[in-house]
Amino acid sequence: MTLESLLLAEKGKSLTNFFSLSYMIVVLPFVVFVYGILPKKWKRYFLLLASFGFVWLVSGGMLIYLMLTIFSVHYFGIWLDRLQTELKGKAGGLPKEERKELKALYQKRKRGVVTLAAVLHIGGLLVLKYSGFFTVNVNALLSKLGVDITLTIPKYVLPIGISFFTLQAISYIVDVYHGLIKADDNVVRLGLFISFFPQIVEGPICRYSQTAEQLWNVQPIRYKNLSFGAQRILYGTMKKYIIADRLNLYVKNVFDMKLDYNGGAVAFAAICYTVQLYMDFSGSMDAVCGTAEIFGITMPENFKRPFFSRTISEFWTRWHITLGTWFRDYVLYPVTSSKRMKKITSSARKKIGNHYGPLVAGSIALFCVWSCNGLWHGSAWSYIFFGMYHFVLILSGNLIGPIVQKVNTKLHINPNSVVYRGLQIFRTIILVIIGELFFRAKGLKAGLKLFKKMITDFALPTIQDMGIDGYDIVLVILTLGIILFVSIMNEKGISVREVLAKKPAALRWAILYALILFIVIFGAYGYGYKPVAPMYAKF
Amino acid sequence: MKSFLNHLLRAVIFVAILLVTLYLLSRVMTPRTNNKEDGMFYENANAVFSEAEDSIDVLIIGDSEVYSAMIPPQIWEDHGITAYCCSTPGQNMASSLEFLQTTLDKQSPKVVVMETNQFYRKISFDDSIMNKLGMLLPIFKYHDHWKTMSWDDLTLDDEIEYSYSDVNKGYKFVGKTLAPDDPYVDNMVKTTEVQAMTQRNLSYTDSIKKLCDSENIKLVLVSTPSLKNWNYKRHNGMVQMAEKLGVEYIDMNLLPDEVPIDWSRDTYDQGDHTNYYGASKVTSYLGDYLEGLGIFEDHRGDPNYKSWDDSLKAFKKVLKKHLK
């Protein structure tokens, strides 16, 4: 056995899976070890080198795209900063009117710079990710119009993590523009913020103010961090190997439509897929945050018990949080606070009142957010449908909210009662599962077909032809029980790891052994299983 | 420093206890017999370990191309040579090396035939490590055995009782035909291009060759007919490999007279794997080749090999039933 495949570019593709052996027993221990023994002043440079090395191993020459992004936003940041300094220098001593004029001029210039940066980076992402989809649809349109022209469908290889690090880059530039952060003149610090290796594959989408300083002010490897980080990675491994990858066998069978499954089997597959996606993505986030924790870095959380949400709006504040907040801060707020929208809001307030008035502009902004959110996940109509589905649900919630409130008051229903809350949570889960059915289906047509099947041909599914057996289902339910217990504790503000850390060593070790052996024995790997690539890495 | 050493010592103890636990659990999880019901997978290929000691003349190692194309009972019937197919679906070189190593504990074959499709199957770093881990600590290999375990299996006895033997000696009978689209695409259009193998597969090939040399075994490379898996670039690659290793290479895709495959009849999945009709042609050629080597005794009539006659009878029964 040689390390050849790890040492050559693009041969380390399995590294995108943080639960792969190559990551867990080769790359991560190597990086932690070297980082640990290096003097403090070298640690940060080594982390950047390790991050570039990681990207190079996974996607080879595509590393250049990441590097260009770093240099580009570094330059744009400094440009914005210079404009700001220039303004300050020129404005000093000017009369108020002239100062105002000068400020407006520089504001315009700064807006020009930030627009150029956004066009370059978002434009690059659009070309690489969506030009194929765009061309296919243009061809279809031309054909319908009877125009005998067929455009060549471009095919590009996407650099790993482009959807994630581009959003980080844009957030940095916009934050500098708004004066929320100062432009970073240190390209190494900025590079580390954009390319830190655990976050590059599936996020979280960090803000400069959240991680840049932490990454720059490196910490030594501490026992507690190492132990807590490893525990979190183990917890994520359990989610991925015992639940997500085990359910994959069944989910794949149904969504590939290999057999004519009845509606019950489709509904069960939609439930399984929702669980699979959550376990896969949140498990990966545990591995990402756990890895960062080893280095003493606190990453923003991407999940906050989403299936305890009472509404779809709340769900999206608990699921893929960093993407949601990115869209909130860089799409929703700019749209709602634009002059035109403010005008619409004030005129709507007069006509339809204080509740529904602001909803007009808000809904337009929401439409933009959900169009972007759908498209961000992929260039297909099914993703656009997914975005629109959630847009409609949130819009409906906003529209009927006051009516429901009135009905509750009239009927003396306590909206905070356990039963009411339980029903709300149940409804939200059902709506999320339906959305995920379309999200997973191979195209919008297939999604509609499966949905129709679920409604019109419902019968209880049988275990036959599922690809999983009764043992698998019991095991998944048991493991979900463990995760539910931890989630309830977390929801109550209790950190299970902190509680365990105070227990005697024998108990702590016993729990750790139990977790490791649980994964080794019951994990879906080896004979009969194909490794499942992390689900969000493809977005 | 004291605190660091303290933590290091604790980590070492933690890992040591974990390894001992995994070792003990490996003994528990190892299947008790080589039956499928007892948790053994690929029971037909693994049934090679049920064969009497030093009774196998030829080991045929590879992926599904092997168990679809080589019929050991036919070789026995025609030549009195004992052959066994150590082949599993999608088998890679790491598994092939493991098969060879473990089989040689009990058998002393004179020839090892390596089907060549496996030389081009990529092995990931993870597969490679998992393979090693499975050999060192079988729990990584048999962890799913919990589904078929009974309370009686909860013992530390890790001896596998090889009670199941395969009458087909690793061959998988398929009688149906699924022809490729007509006209089929010729897979053997001549070219000078060479398809390279991965470094990892080259390394496994070296290990297999060294093992064969150390045990005085003749290594032969064979490409079975396949429209989908084989082509001239791969052929060129194997020619180079055979030259480098100093072994014989037979490409049956280039022997239309000796192995006259009728693509409209002789495969069960549109030209990828041979069905029984194609396999009998492949086996006929291989049997003649093996006999032609002049290194095998004809064991037919030898009372020590009576079980092979019994297997042949059983195989013929299966054949008769399916070919009705």
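**Note on a helix pair in chain B and a domain pair in chain A**

1. Residues are numbered from 1 along each chain as its sequence is written, with chains lettered from A and ligands numbered from 1 in the order in which they are written. The model is predicted: local features need pLDDT of at least 70 and side-chain atom pairs count only at pLDDT 80 or more, while totals for chains, interfaces and linings use all residues.

2. Helix H4 of chain B covers residues 72-79 and helix H10 of chain B residues 276-292 (helices are DSSP runs of H or I, at least four residues, numbered from the N terminus). Their axes are 9 Å apart, at an angle of about 50° (lines fitted to C-alpha atoms over the stretch in contact; angles run from 0 to 180 degrees between N-to-C directions).

3. From H4(B), Gln74(B), Ile75(B), Asp78(B) and His79(B) meet Ser280(B), Thr283(B), Gly287(B), Leu290(B) and Glu291(B) of H10(B) (contact: C-beta atoms, placed from the backbone, within 7 Å).

4. In chain A, domain 1 is 62-216 and domain 2 is 222-303 + 426-539 (bounds from an automatic or database domain assignment). Their C-alpha centres lie 34 Å apart.

5. Twelve residues of domain 1 of chain A are in contact with 14 residues of domain 2 of chain A. On the domain 1 side, helix H8 of chain A (residues 208-216) supplies the largest share, four residues.

Note on methods:
Helices (H or I, at least four residues) and strands (E, at least two) are DSSP runs, numbered from the N terminus. Two residues are in contact if their C-beta atoms, placed from the backbone, lie within 7 Å.
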